[in-house]
Structure formats: structure tokens, C-alpha cells
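Have a look at the model on the screen while I get going.

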Amino acid sequence: MEINLLWGVFGIFVLLPLAGSILSYLGKKFAIYIGIIFALIPTIMLYPFYAQNISELINIGVNINLVFDTTTWFFMLMIDTVAFASFLFAISCVKKKPEGFASLMLLSLAGANGVLMSRDFLSLYIFWEMMSWSAYLLILRSSGEYARRYLLFGILSAYFIIMGIGIFYYYTGSFLFSDSAGIPLMGWFWILFFLVVGFAVKMAVVPLHVWAPYAYSSEPSFVSFFSGGLSKLGTFGILMGMYGIAGLSILQGFGTFRDVSLFGYPFALLGAFTAFIGTILAIFQDDLRKLLAYSSIGQLGYVMVGLGLGTPLAVSGALFHAFNHAFFKSLLFLGAGAVIYRTGKYKISEMGGLGYRMPFTFLFVLFAIFALAGIPITSGFISKWMLYEAAIEKKFVIIAPLMLIASVGAFLYSFRILYGVFLGQLDKPYENIKEAPLPMLVAMGILMLPLLIFSIFPGWILEWIDDIMKSTGVGTIDYNTYSYYSSIGGANMLVLWIAFMLVFIVAMLIFLMKKARKVDQYDNYLAGESPPYVQLHAAHNFYKPLRDTWAPLLKYSIDRAYEKLSRFFVEGFEEIKKIYTENPQDYAAYLGIAFLLFLFIGWWLL
Amino acid sequence: MIAVHPVLLIAIPLFFAFLLPLIGLFSKKVLKYVVTGTIALNTIIALLVFREALNSPIFDILGGFKPPLGIVLMVGPLGGFIALIINMAGLIISIYGMEMKKEPLVKYYMLSLLLLMGANGMVLTGDLFNLFVFLEVTSIASYGLAAYNKDLKGFEGALKYVILGSIGSTFVLIGIALIYSQLRTLNMLDIATRLNEMDPYVKIVAFTSLFLGFGVEAEMFPLNTWVPETYDGAPHSVSAMFASMSAKAGIFALARVIFTIFAFTNYLWFVVIMGVLTVFFGEIIAYAQRDIKRMLAYSSIGQMGMILMGLGIGTTMAVEGAFFQMFSHAMAKALLFIAAGYMIYATQTEKMSEMKGIGRNPLIGIPLLIGILSILGMPPFIGFYGKFYILMGGFSEGYYAIIALFLAASLVEVAYYARFIKIAFEGGGKRYPSPKATVYIPLLLFAVIIVIFGVYPKPIFEILSHVTTFLTGGV
Amino acid sequence: MIPYYYLASVALIVIGIYIVIAKKNLIKIIIGLDMMDTGVNLLLISIGYVKGGTAPIENGNYTLYVDPIPQALVLTAIVIGVSVMALALSIVIGLYKNTGSLELDEIRRERK
Amino acid sequence: MIDWINVLIQAGVTALYLFLAIVIGLLFLGIGRKVTARIHNRVGPPVYQNFIDVGKLLAKKTNIRHNWIFDFAPLFGLAGVLLTLAYLPMGGYRLLSGEGDLILLLYVMVIPALGFALGAGASSNPNAGVGVMRALTLMLSYEMPFLLVLLSIMILYNTASLDVLLSKQMHFAWAIAMLPLSALAADMALQGMMMEKPFDIPLAPHEIASGPMVEFGGKYLGMLMLYSAGSVIVETTLFVDLFLGGGVVLDPATYGILAYVVNYLVWFLLIFVVWLIALFINAVFPRFRIEQAFKFYWKWPTIIAAIGLVQAYIMSAFLGVMP
């Protein structure tokens, strides 16, 4: 019975997308529709499987362990929903070889679900790599160079993970997470170090983030799944590594600093720096996709902080933030995709005024930006709140200000999107631009809902998170349906919403007292005197003054450091290449020398 | 009683190889079908032999002399497996070989059959001197094939191969002579049982000689210097054969030297170091290449180094990984060489930088991607299991630093393959002629094998469970 | 106590390798290879040598004869050596046709 | 079960407080104009001038709008500022401050600004865009020291709730006495927050024609004036609540209604003082450029605030001062 249930779950969440991937490749023109069906079924099937706890050891030569529990469920909820929305979005925008798109998307979805279900390193690694290379091929569809950068870092992460796995295997001789008894502390350190660093690459933690701005510049419908969905696997991996496999007692064994493990603290610090650097760099981007990419880096930095701190509040904040990020960042990428689809431009400064022509897109993006910036009428606020309070209640005076100032920076780049793309002057070429097609809007609408719902009822999601906290043994959090508390404060979302509604009605009443007449956009301070065509959209080089002040610091770039490093290596490779002189006599000499050397070593060994 | 004599695996290609000139007198067109048919027959026999060997090792005594004096073919499960791989790869490559146009075709087909026969013999034989003979047969066929294009590049490559190859075989012969001088026997199992009668110093010299001699064929650093130029100068199908047939035979011979004959356990770390050096230099220099075939050749060196590493680590897991890797590398690298052959034909250049958009044709692109992903060790392709098992085996022996070095080198491998994919799938290239059936059928066959056994590796692992006996000095 | 004929074979091998490494002329290099071969063959033969033994021809009159196996081996090795030499020389001919030279550095210069 | 009568009474009182706050804000704006004029040796408009202005603007017949996003500015501006006020304890009356803490307040404060920025952006006047850009840059500048100050207070008093903070200050000592350096930095930040000179860069009437405000007129401008009146109160009250104990001198628990009246008066006095200080600085300083403002804020106030933070950290973590 038990095993049947497990295979059922495995079939629905992993094998079904896999089958779908083959079917949709054969489906040619209808590939996307087939893809939607196969992405929808797992998403819907999540509902009956809530709070199931299925776990099975399977022997395929080595023991593997497939599990479906709340952690799996929670992560699947975001990844599958985001995948479904991305597919919906793709109906109208993926025209070039849709069968490749659909089958690869389903493949990476299957890989992602597989990662979430595995509680042993072997299946984890297999599914992880599957997800990784299908994502690589998806990026390859739009740019080989971006794909190359991604692949390098993707494999780097896989190799870090494999180092961790290997050391684990050395001590235990098993791949099961549960067989972790008897590993000495030093062993734990290296295992966790490699695992966390490996998974952190997926979360684009500075300084391993340089792939992200490029990878996130490919097809929008994929990128929303990538940034929203797949990057959460990094979160899952770190959660599993630090709290699922090792557990608090081992982390605390490294020594503690105000109840926070000395192992986790540096990673939390790194996360805070990531949040800061990602945000600052996002402010200065003019390419819409790059801006969102850097913002994604910054936001996942927050998640890293939470995971590193490891108090119940921090970890649940991290999970909640990951959840929010999945939805609002996918929504933003989809919004960006819709805008790019309509205008064909990537640069923020080349757009402008689209909000008047694409009102729904604008509203959805606006809501996502509210969530991103942490405006309290969205659930994005709550997760940020939890992370701040977690840092402040433990008096971390470096992490907390970095996070706080990064969130102020988030307003800056958010407004750059809002103003540059949707507000300001509508440029002539976009005079007759249409609203995004319906599937795109539906996709965005689906993604918006959780952000709204969980801002009023944070207790619902916190219940799931609390379940995860309990199962990983991190602790419990203090919450009820509408409100949530830390040791130093708390907030009630229902009161906020009611108060907001009331004051909004007041403002509305005052506003509606008088009617207003609508005038053309050129009827502004030039009083209609403007020549027939002037572009007066002030979005070019938007934060120039700020950029000027930051210039001495922006001079140092991690990207360039990597380029320098790679150039150094390539030059070194060219030098090493000279060993192969292409002269057979040298080669013969090598052979002779090798013989003598081997003999010498052999004798020395005797 | 033996149902199928393994000697057929050697006899059939030999017979048809010398029958070919006669057939060639009547019709040149039939030749290619004859060759493919021969290899297909061989493959079937290999399969039968392999099934037989799975139950119990086959000892086929030749010439009527009893071992240890007489020559014996001994086929264990692993030997049968490698023979099957070699024949299978040979079969698929021979389909690609059908499109060969350059005269003298008779000689090409003859030499390729001889190469197959030599490789088969190297894998199957149980006699040390016989091993040398088959090594030489393989080498001579290879020298001929390497220079088959009759251009400067081909001749230069062949010259290097000849020089290094004959020095290598000289070393092999020295090793054989030393062993014989001490033990008066050439049968491998016999040597293995009586090994401790040998003077330790002579043993070291003998081992070194054999190790180096087979190392030349197995592309071990620093003896692999001939590889890039020979692979580069040879016809494309021949490069594929080198990578998937003679190199595999060489590494299997090396494995038998290490495990069956000398049964080393305490000095294996030395093999690991040689392996990792091979990987390291192979991958790094591959990055610095501009020509596709050279890049593939160096990458082949890297892969062989990985196999060597797996052998050297010496745990069951790692050696299983090494054998799996032999299989996956034979398939994937043959695929890549055939694809490279098409690319060079279509673009009229070997420079990778001028192959823009060559992979955009799905008939080429998909097998190409599958091959490269398999080489990079991505699941669910066969390349994954070998790599993973070798690494895990290494970890369980505590070779952390070496594996870190290995992974760094692998990262370089990723870098250059990604660079190649980037160019191959870049938009805006010219329109290229679409591949002929003789090109895409082998590509797809290889790709299908790579995917099927990647998704369902269980049969292979069942075969590889015999590694345990192999490690303890069995067949 | 190492018999002197072992030394001779070692000397032959070393000289052969030296020629291969040092001489620039392709024919000389091949001669070097051949010398190595000869050295090894000598080694093999000398292993089978039994002092005072006669040729191992089976007519029943001898009790002391040299080990027949190395002789068989050497026969095979010589055949193989010859064919390798033939192929090597044909490759050299090919190189000569392509470049008009037998000197290794000139051929390599030609390449560039 | 919720006590609905109590809730309604509380809501009514809160509404009254909000109304009073807006009135006081308008009054303060008038006082500001007058005081500045006197310092400049001008006569200046009467103190009640702003009431007249707002009344006139709201009653105007002709109103001009650009599009629906343009309407966000007055709506979100006014609603947001009222919401913010509701979360600030005023004169010892907690309003909603028990239902949310400083972090919430910090983010609620953004709602009106963001709404305003959206409306301004939608006006398609480039000056508005430049103005908003400057405002946001200025925000990034002053938030650095201000956040450090907030953090020092939260760490020292070990609470993030303004309500708790007020009672702790009442029973222990005002934060200005505990953390004088932080108070100094906070006042510097306040100047930027209120966009008074030398930090009135976003408005800069002579450069960019009042920046974000440029396109608004009629009821739009009227509501925005209400918004700015409210935000004056928000900002001064925030400072008073943080450092001056919110003006709470008598404990309402013991003195009842008298305490509320006295506290309200003290609070009024205190915010007036804070406002006057800002006015004086405003009257005598020229305007920074935005780069200068950024550099200034990330240099001196940040250093001072950081020293304050270190002080708070040492007091709380090592000396064990636990208010």
C-alpha cells in the first residue's frame, strides 16, 4: 500500500512531466498546450496530497529514499505553480520551435520535482543535474554565450555538491540523508561547506552570482520559471543540508554566537552582502532583464541570511521569502516579458508610458513590485519583516543594516522599472500598442493571487512553514491566522488591511467630490506648445547622480575579476600546451624519461 | 562444452579482411556491405560469447597445446563486455564508413577489419605474448589507417604514432621477456599465481615496462602525445575507431596488467596519480585547441585518464565506474567524432570558430548535445554513472585532493565543450548541406544507446558486478 | 651476475632510443627503432639460452637444449618488426613525397 | 468575542486624532512659511494661509487629469499618510501602534510616497521624473543613518514596538539621554526626510519646477497639500516618539483623562520644537546638489549613527543596560 502510494506520487510529480516532455516534443505545433496539461496536473494534484507523509526506501543497488512530506509539498507548490504560469505565458510568446521549449521545460520541472522528493544524495544529484542541463539547453535557445556562463557555474555548483556527497559517503558509506550518524565534526564542516556553497551557486550568492544576469536574460517565459522556480532548489538544498541532514545540534557544535551557529553566521553575512550588492547593482541597470536579475540576486541574499541565522523566525522568514520571491519575481519576469513581447525592446530607457496602454500588465507588475519592495499590503512585507526581526532580536549589527538599506535600494530600482517602462511619456512608436494577450494576463493573475491572499492570512502559509520547521527540528514560530510575532514585536495584518481600506475610502470620498477633465500627455508644462514630436521621457541614465557618486566603487567588478581570472588561466593553458611540441623526438624523449622516472620511483618504493 | 568459440571473433574479421581484395576484384560496391555484414556477424558472436561468459569464464584453447604452454583465449564477463562494446562501436562506425569515397577502398576496409580483429584479440587473449602480437596487429592497422588520407597531416600523425607505438611495443616485449626469464610461462593466470617467485626488482622493471607499453595505446600521460595529431590526421571514421576500439582494448590490457597479472594493491595510488595527470593535461590542452578534432582527441585523453584513475583507485565501485566509463566513452566519443566528420565535411574547415550554427539541424544537434552531455557526465546519460562511481570510489578511499584536482580539470572540460556548443548553435550561420543517412543513422544509434542505458543502467551494472572477481585476480 | 649478452641487448636498446631522440633524419630514426627491436629480440633469445644446449629440434638425441619458446617468440617478433618497419618506411616515403625532404625539422617547417 | 463597542469608540477616537494631526500639520506649514519669511526679513502670509489654500484647491471647478495612474498620487498619498499616522502613537495615545511595530511603520511610511511618485511619474512631465529620482536618491541617502539609529534604539530597548518603546522610555529615561549621538544623527536624517533645505533637492522649485508636484492642480494639489501636512506630523512625531518619549510625561494608567490631555500638549510642544529646528536650518541654508547630499549623508550622519549603534550595542550586549 505504502509503496504504491509513493510510486503514485513519484509518477504524478516526476514521471508524468517526463512523459510529457517526450509527448510534447512529438506534439510539434501543440507542444505548448501539451506542456500546459502536464504542468497543470502536478499543480492540481498537490491539493489532495497536502499533509501526506510518504517515505520509502528503495534499493536500486544502493539504497535511495524518496519522500513526500510538507517540505516537498511546500516547495513543489511554488515551483509547479510557477511552471504552470510560465507555460500559460508561453502560449503567446514562444513561437520559435515550441516543442523544444515545452519538452525541456517539462524535463527541468521533472528534475526539480525529483530533487524535492529525494532524501538521498544519489537521486538528488541525478535529478539536480537533469534540471541543471535542461535549464542550460533552454538558455541555449536564446544565447550560447549566456548558456556557457550558466553551464560553467552550474557544473561548478554540481562539483561542490559532489565533493560534499563524497565526503559524506566516505564517512557513512551510504547516500541516505538519514544515515548520518558517526560523522566527526570536521567531516561535518566540509560536507556542509561544500553542500551549502554548491547550492548557493544556484541561489546566485555573491561572489558566485555572475552567471545570473546573463542566464536571466534569455526567454522571459523560461526565465520566470528559472528565477522563480528553479533557484528555490538552492534554498531547498541548503535547508536540507543544514537543517535536514546535519540538524541544529551539529550546527551548534561548531560554536555559537548568540545562539546562532558559527557555521551559519558567515553565510548569513554573505547573504546580507549579496542583498546589498545585488540591490546596488540593480539600481544601475538599464536592461530590464538584467535589472530583474540583479534584483533576484539581492532578494535571494535575504533568503540566505535567514538560512544562515537558523533561528526559527529566520528560517521560516527565509522560506516565506523564497515563496514570495518565487511568485513576485516570476510575475515581474512575465511582466517584463509581456512588455518586451509588445515592444521588442529590452532597454528601460527606450520604453515609457506603456502603463496607459497595458493597464493590466501594469497593475500586475505594480503589485509584484509592492511585494518586492515589501509594501505591507502584500505578503512580501511579512517575510522581510521576519528576517529583519530575526536579525534584530539577536542584535546582529552588520547583517540588519545591510538588509534594511538593501530594501531601501529596492525602492530605487523598482521605481526605475515603473517609471521607465510604464510611466512617463508614451513614445510615438508605442502609440497604438495593445494590452498583452489574454494567456499572459491570466498567467500573471495566477501568480499575483498568493501574494495578496497571504498578506491577509499569513497564518495559512505560516502553518505549512511551521510544519517544515517542526520536521527539521529548527523550532516553532509564534503566529495566528492574521498576525505573527517575534520576541520584540509583531503585526496584525487584518487590522492593517481594515485601516487601509477605511482611510482609502476617506481619501476616495475627498477625491470624488469634484470631477476632473482628461487632457493629452503633451498638454503639460509646455502648455501644448511643444513641437510635433519631442521625446521627453527622462528615463535615460536614470540614477546618474547616484552612479557618479558610486563610480569609484563600481570600478571594482566581480565580473571583471572573473574575466581576469579566466584570462590568466587560458594564458596558462596556452603555456601548458607547449608541452605537446608536435615533435616526435621530444615525445620519444618523454617516453624515455617517464620510463626512467617510473623505475626510479619503483626502486625507491622497494 | 563451449557453444560459440570466442576465437571466431578473431577469425572472422581476419578471414574476411583477406577475402576483401578478392571481392574487390569483382565489385567495389559490395565491399562496404560485406564489411558491415562481417562486423554485424562479429557483433552477434560477441553477444553470444558474452552471454556465455556471464555464466562462467570461457577458456578456449588454441593449437592443441594445454596451458600454460599453449595459447589460450580467456573470456571473462568483463572481457566479453569490452569485446561486445568494441564490436558494437565498430558496427555503428562501419555504417558511417560506408560513405568513404577515397581510394584505395579495399585497403581501408581491410585495415579496419584488421583493427577490429586486433582489438578483439587484445581483449580476449589470455596469453601475454599473444597480447603483444595482437597489440602489434592493432598498431600496424592503425598506422596504415592513420596515414590513409595521404596528406602531410596524416603522414605526420602516423609517423608520430609509429615512433611512439613501436617504442611502446618494445617496452611491452621487454616486460614479457623479463617475466618469462623469471617464470618460464606466458599464461596470465599462471603468472599471477606464481608472481611472488619473481625477484622484486625484476618485477618492478617488468611492471614498468608493461605499464608504459600499454600506456601508449591507452593514452596515458605522458605517452599520449601522439594522440592529437594522429586523430587529427586520420579520416573521421578512423578517429572514431581509435577512440572507441583501440583505446578501449589498450586500457583493458592495462587493467589486466594491473589487476590480473600483477594484482597490485598497495602501489595503486601511483596509477591514480598518473590518471589524474592525464586528465589534467588532456583537458587543459583541449581547452587551448582551435580545431575540433584535436579538441576531441585531447578530450579523449582526459576521459581515458578518468578511466585510469578509476582503475587506480581500485575499489569495486571505482573499477565498476571505470568499466562503465569505457562503455560510455566508446559510445559518446565515436558519436562526437562522426559528428565532427560531418561538420568538417559541411563547413570545409576544421576551425571550430567557423562552424556557426552547424548544430541547428536537429539530426545533428540532438545527438551532438546528447554526446556532449554524456561526456560531461550528466544524468541520465551513460557518462554519468562512470564518473559518479569513479568519484565515489575515490572518496571512499579518501583521495580528496586528487578528486578536487580532477573536478577542476573537468570544469575546464565543461568550459571548452560549452564554447563549442555555443558556436555550434549560434544563429546566423550559413546553410549547410543536410547530413546523409550514413551520417545520421550512426549518430542516432549512438544517441539511442547513450540514452537507453543512461535511463536504465541496470543491465550494465549487473555485468559490472563481476568486477569483484576481476579485482581479486580472476578473469 | 648479469651475463654480458644482456648488457649487449640493453646497449642496443639504449643506442636505439638515443638515435630516435637525437637524429633528425627520418631514415636514421627508423634505423634507431629497428635497433631497439633487435636489442629486445636479442634479450628474448638470450633468456632462452641454456649453456651448452643445442637447437630444440625434436629428434630425441639431446637432453640439454635451449628453451624453444623464446625462439618462437622472437620469430614472431621479427616478423612483426619487419612489417612495422615496412609501414614506417612507407610513411616516410609519403612524407618525402609531400615535402620533398627527409629531415624532421624541414618537414616541421614545411608544416608551418 | 470582539468588543464591538470598544472597537468603534477606539476607531472614533483614532479618527479624531488623525483629523487633528492633519489640522496641526496645516498649521505647522503656515507657521513654517511665516517663520521663514520673518527670518528672511519678509512679512510672509498669515498663519492660516494654508487652510485657505487647501479649501480653495479642493473647491476648484476645473480639474485636470492625465490618466488613471495619475489619480494614484492623491489617493495613495492621502490614504497612506493617514495610515501612517494611525500607526504612530500621538501624545501617549497608542492608536494602532500596538498592532504593528517599527518595521511595519517604516514600510507603511513608504505607501504614500510611492503613490505620490506613481502619480507624478504618470504626469509625463520630465521634471516630475527627475524629481522622483532625486527623492528616491535622497531617501537612500538619509535612510542609511536613520536605519542605524532605529537599529540602535531597537537593540538598546530590545523592542521593535513603538508602544513598548514609549512605556519603556517613560519608566526609564528618554532615548535622547541614552543615545545623544543617535539623536543627533536622526535629526540630520529628519531634515532630509522632511525635504527641507539643504535637502529640498527633489522639489527644488527653481530648477525643476517643484519636481513631482509640477503637473498637479486643483483637488489633486489640495489633497497633496493635506498629504504633506500629514507627513510633517509623521516625521516630527516619529522623532519625538523615538527620542523624546513621545511626549508621555504622565502615566495614563494612573492619571486617566488628565494624562491624555497633558501628554497631548507636551507632544504638541515637542513636535513644534522639532519642526522649528528644522525650519531654522531650512531658512539659513542653501540647497545641496543630490550627489552632495548623498555623500554628506553617507559620511557624517552615518558615522555618528554608527558610533551611536556601537554605543547601544556595547550598552546592551556587554554592560547589560536593559531598560
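I'll go through the chain contacts, then some strands and helices, then the core.

Quick housekeeping: this is a predicted model, so local features need pLDDT of at least 70 and side-chain atom pairs count only at pLDDT 80 or more, while totals for chains, interfaces and linings use all residues. Residues are numbered from 1 along each chain as its sequence is written, and chains are lettered from A and ligands numbered from 1 in the order in which they are written.

So, which chains touch? I'm calling two residues in contact if their C-beta atoms, placed from the backbone, lie within 7 Å. Four pairs of chains touch, and the pair with the most contacts is A and D. Chains B and D don't touch, with 39 Å between their nearest C-alpha atoms. Chains C and D don't touch either, and there the nearest C-alpha atoms are 60 Å apart.

Let's stay with A and D. Here 63 residues of chain A meet 68 residues of chain D. On the chain A side, the elements supplying at least two residues each include α17 (379–393), α18 (399–422), α21 and α22 (544–554). Helices here are DSSP runs of H or I with at least four residues, strands are runs of E with at least two, and both are numbered from the N terminus. By class, that side of chain A has 43 nonpolar, 13 polar and seven charged residues. For the classes, Ala, Val, Leu, Ile, Met, Phe, Trp, Tyr, Cys and Pro count as nonpolar, Asp, Glu, Lys and Arg as charged, and the others, Gly among them, as polar.

There's also strand pairing between these two chains, where pairing takes at least two DSSP bridges. Strand β8(A) runs parallel to β1 (residues 64–65) of chain D, joined by two bridges. One thing to click on: Lys518(A) has Arg65(D) as its bridge partner.

Now chain C against chain A. That contact takes five residues from each of chains C and A. On the chain C side, α1 (4–22) and α4 (104–111) each give two or more residues, and α1(C) has the largest share with three. Four residues on that side are nonpolar, one is charged and none is polar.

Chain C itself has four helices and zero strands. Of its 112 residues, 34% are buried, meaning 20 or more other C-beta atoms lie within 10 Å of a residue's own; exposed means 12 or fewer, partly exposed is in between, and the C-beta atoms are placed from the backbone.

Back to chain A for some strands. β1 (residues 54–59) and β2(A) are antiparallel, with six bridges, and Asn59(A) sits opposite Asn63(A). Three residues separate the strands of this hairpin, and Gly61(A) has a positive phi near 100°. Why is β2(A) largely enclosed by the rest of the structure? Because five of its six residues, 63–68, are buried.

Further along, β5-β6-β7 of chain A is the order of an open, antiparallel sheet of three strands. The edges are β5 (478–479) and β7 (490–492), each pairing on one side only. β6 (residues 483–485) pairs with β7(A) over three bridges, and Ser483(A) is partnered with Asn492(A). Helix α21 (residues 493–512) lies across β6 and β7 of chain A, at about 50° to β7(A). These angles run from 0 to 180 degrees between N-to-C directions, with axes fitted to C-alpha atoms, for helices over the stretch in contact.

For a helix pair, look at α3 (residues 70–93) and α9 (residues 220–230) of chain A: the axes come within 8 Å and cross at roughly 170°. They're therefore roughly antiparallel, a label used for angles over 145 degrees. Their contact has 10 nonpolar and five polar residues, with no charged ones.

Last stop, the largest nonpolar core, which has 626 residues; among the members touching the most others are Met105(A), Ala334(B) and Ile91(C). A nonpolar core is a set of buried Ala, Val, Leu, Ile, Met, Phe, Trp, Tyr and Cys residues joined through C-beta atoms within 7 Å. Beyond its neighbours within four places in sequence, Ala334(B) contacts residues including Ala89(B), Ile92(B) and Phe446(B).

And for contrast, Phe568(A) is in helix α23 (residues 558–577) of chain A.

How values were computed. Parallel < 35°, antiparallel > 145°, perpendicular 65-115°, else oblique.
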